[in-house]
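Here's a quick look around the inside of this protein. Have the sequence and the model open as you read.

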Amino acid sequence: MARRDVPRRGQDGEDPAQRSRAPSTIGRWLRRLAVWGIGIVLLVALGITGAVLVTARSLPSYDKLKSSQAGQMIVVRANDGSEIVTLGPSYGKWIPYNRIPQPMKDALVSVEDRRFREHWGVDPVGIVRSVMVRAQSGRWRQGGSTITQQLARNIFLNNSRTFDRKIREAILSLALESKFSKDQILELYLNKVYFGGGAYGVDSAARKFFGHSGEELSLGEAAIIAGLVKAPSHYSPTADAQAAVDRAKVVLETMVDAGTLTPAQAAAVDLKAVHLAAEQGQNSARYFTDWVLPQLDVLVPDNDQPIEVWTTLDPVAQRAATDAITTQVPKGAQGALVSVDRDGAVLAMVGGTDYVTSNYNRATNAVRQPGSAWKLFVYLAALERGYRPEDRVVDEPVTIDGWSPRNSGGSYAGQIDVRTAFAYSKNTVAAQLGNEVGFSAVANMARRFGITTPINTMPSMVLGTSDVRVIDMVRAFASVDAKGRLVTPYGIRKVTTTDGEVLYSHRPDAQQQLVPDYVAAEITDLLQTAVNIGTGRAAQIGRPVAGKTGTTSSNKDGWFLGFSSGVTTGVWMGRDDAHPVPGLQGGTAPARAFAAYMRVATAKRPVEQFDNQLKLPEWQLEPDDEALLNNPNDYYYTDENGNTVNGQQGDGLEGAQGNGPQGNGPQGRTPDDAIPVDQDGLGTGPAAPARQAPRNAQPAASDDLLDRATGRTRQAPRPAQPAGKPPAKTPADRRAQDWQGY
């Protein structure tokens, strides 16, 4: 008998119970998946929320975000405040949101993130649109990043395309939106986004491309700038003006589509009429900035914030210096010029004829022989030892330790005075003076006046065979102009932050007396004569000028160094390979370049007569080294009776008076007898009559008094051997003034 509890099967053999359980099992699993999905979403949401909250809490303040920059910006300014060059990223001035032109804000939002005001930092609609475009075109043509995401990437991240970076970018964007307002985020973005050419922010871009502040942008200019964000290097107006205009047209169309601009307003914009600022190329001022900027490591160490470097460079003088060198330098040669004010402030510096083709700074780095310009130190040593400008010397053949110098013209003038020997750059006289005072004394004098390169003490050193730098020679001549006080060239007046905080301010060094005032006055007398009637006549500028030419053997180097109205300038010309330059002499192209520059550099300065009428002290004792560290005028000696006497007391011989057209002496004319060609293009011949000391002049201190005062013994000079005749007695022989200088 069949059992009734056995369920019946259907015609297809399927168990009816199983058929009824299947739908319920599927529904159960679907419900479970939904629950799990919701749970996972909630967990992810909680995780993201937690990450966003933690990130938002750790974000810097708004003020710190404003000051954060990628790399250090250095703005170098001239002495009038104008910008010379900007190095590193340029951020311009920060423009608050309410002062950014509305067309600029509308243009950037329209082209970069039309739904900026609607999303929370990440735009799902934008992401979906980007994916759809990717599916249709087969490549990524449209980004889904919002303005907030771009800001987060620019400030905190890099541009890598990794998934990890995108996740962090999204979290940072949500954190930014939770902490700051939309206006603040847009203000940050507009002041920090990169627009190409080193320009970060609207103000920097406006100044670079249009030459004015970002607060003055027109609609056309705003469209051009907004179009740069997508590809700064490709759409840059300075790189491709047409590409920038075409991209700006797209921006205007996008603004119309976004509703921020009407078709009529867009059609009224003439993009081709937008005026672009001229691109500033490399120029000679870069020689100056290359010299001063390395000094920042010492002046403001451990500084990485954006700074402004206020320099001493005079733009007018710099242009004049550049023109003087480029127009006067011989073909195939190079030139350099350094000019300093009376306090050492560098007014102009040219290190070559073209910075673009050669950025080697010949004004500060090159070492060349100075030729007869070195005689400055020879005559300084002689004047310090007791020679006067009107003392008689003999221009004749001479041999010193087997070395026989000769004058350029091959002839000799015989008996002349010191002033004339210097004016016509007599080599034989310089050799005799150097031999008498000692070549080591000449080297010591050069070192005292700021020559930093090695100095040899061979007899030929008096003719400038030791290599020097242009800036060092200028320093020496500037110290003469400063009445014998040390002058140190400098190029930075102050360093500030972009907000005006002073990080460094130049302070003048304590002036050190190198030689007494009367020695500086007498060498100025000689230098003025060299310009008035001697080898430096081409350097005349219609006002008192004191200077010296220099020419090396075979015309390899030409120099002129001099000063007028408080400005000291040195010019060098020659070839980098030290090959001869036909016709190059210190009294030709270098002197003409000096004059061309100085006419501009001194144009707005009052005419100054040289102070070369100082009284000579009764005794010729120099302060010792210890006194130089204090007041150089306060030095003493003990007289025959044991009394302490101030070295500045008493009457003395009158110093040499000025000469030439601007001076007061009788030497402002050419000597009666013509002088043939000499070292620097002028030359030798009979001398002009020497000037006489004033009638009321009193004799110098006695020899015995000087010996007791100095505690020094007189030394015999190294013998000079004129050809066929005994050496003539010198003023030092007559005065027995051979004491060792410091």
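A charge is said to sit over a ring if NZ of Lys or CZ of Arg is within 6 Å of the ring centre and within 35 degrees of the ring normal. Two such cases are in the table.

| Charged residue | Ring | Distance from ring centre |
|---|---|---|
| Arg77 | Trp310 | 5.6 Å |
| Lys548 | Phe422 | 5.7 Å |

A word on the ground rules: this is a predicted model, where local features need pLDDT of at least 70 and side-chain atom pairs count only at pLDDT 80 or more, while totals for chains, interfaces and linings use all residues. Residues are numbered from 1 along each chain as its sequence is written, and side-chain values use heavy atoms, with hydrogens and water left out.

Now for the core. A nonpolar core here is a set of buried Ala, Val, Leu, Ile, Met, Phe, Trp, Tyr and Cys residues joined through side-chain atoms within 4.5 Å; buried means under 20% relative accessible area with a 1.4 Å probe, protein chains only. The largest one has 84 residues, and Trp374, Phe377 and Tyr379 have the most contacts inside it. Apart from it lies another core of 53 residues, among them Ile100 and Leu217.

What does Trp374 touch, leaving out residues up to four places away in sequence? Its contacts (heavy atoms within 4.5 Å) include Val442, Ile451, Met461 and Met473. Trp374 and Phe377 are both buried. Rings of Phe, Tyr and Trp (its six-membered ring) pair if their centres lie within 6.5 Å, with planes under 30 degrees apart counted as stacked, over 60 as edge-to-face and the rest as tilted. That rule gives 8 aromatic pairs. One of them is Trp374 with Phe377, edge-to-face at 4.9 Å centre to centre and 70° between the planes.

Met473 belongs to helix α20, where it is buried. Helices are DSSP runs (H or I, at least four residues), as are strands (E, at least two), numbered from the N terminus. Just after α20, Lys483 takes a positive phi of about 65°.

Last stop, strand β15 (residues 567–574), where 8 of 8 residues are buried. Val567, Thr569, Val571 and Met573 cover one side, with Thr568, Gly570, Trp572 and Gly574 on the other. Two strands pair if DSSP finds at least two bridges between them. β15 pairs in the antiparallel sense with β6 over 7 bridges and, also antiparallel, with β14 over 8 bridges. Ser339 has Thr569 as its bridge partner, and Asp557 stands opposite Gly574.

Definitions and conventions
Buried means under 20% relative accessible area, exposed over 50%, partly exposed in between (1.4 Å probe, protein chains only).
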